Amino acid sequence: MIEITTSPVLLYDGVCGFCNKSVQRILRYDKRKTMFFAALQSDYGKSILTRHPELAGIDSMVLVEPLEFAYLERVYVRSDALLRVAGYLGGPWKLALAAYIIPRSVRDYLYDQFAKRRYRWFGKYDTCLLPPPEVRARFLDLG
């Protein structure tokens, strides 16, 4: 069953070592504790990709933010998703928002260059990692 949430959901590459470490870091600094997570490879992640055909072939961080109207959502990818997460975390992370002055095409090019090398630099798992029990409720569709 696909869950509906009124909180932001971060889709990430569940087999990527860097992506998994990034989610752990977000969990550590998320004072509001309202963000949820799902692997792109999960049923929830696939349902988002299906609902948003513009995301076809995307291999990027995707932030899904619900809109005030029932069942509507906005998706952010690549550097926009990264910056939205920084804004959500607040505190010193908000300093990253200065990157909005850099044109999106440049930010996304740099993001894509890093993403191409992430498995080589940080490793790749055979399966998505299971989160620790104390935060497992914030991960959608672990099945």
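Me: Is Phe 122 buried, exposed or partly exposed?

Reply: Buried means under 20% relative accessible area, exposed over 50%, and partly exposed in between, with a 1.4 Å probe and protein chains only. Phe 122, at 41% relative accessibility, therefore counts as partly exposed. This is a predicted model, in which local features need pLDDT of at least 70 and side-chain atom pairs count only at pLDDT 80 or more, while totals for chains, interfaces and linings use all residues. Residues are numbered from 1 along each chain as its sequence is written, and side-chain values use heavy atoms, with hydrogens and water left out.

Me: How many aromatic pairs are there?

Reply: A pair of aromatic rings is described by the distance of the centres and the angle of the planes. Rings of Phe, Tyr and Trp (its six-membered ring) pair if their centres lie within 6.5 Å, and planes under 30 degrees apart count as stacked, over 60 as edge-to-face and the rest as tilted. By this rule there are 6 aromatic pairs. In one of them, the ring centres of Phe 18 and Phe 114 are 4.8 Å apart with the planes at 65°, so this pair is edge-to-face.

Me: Which residues do ring pairs link into a cluster?

Reply: The cluster consists of Phe 18, Phe 114, Trp 121 and Phe 122.
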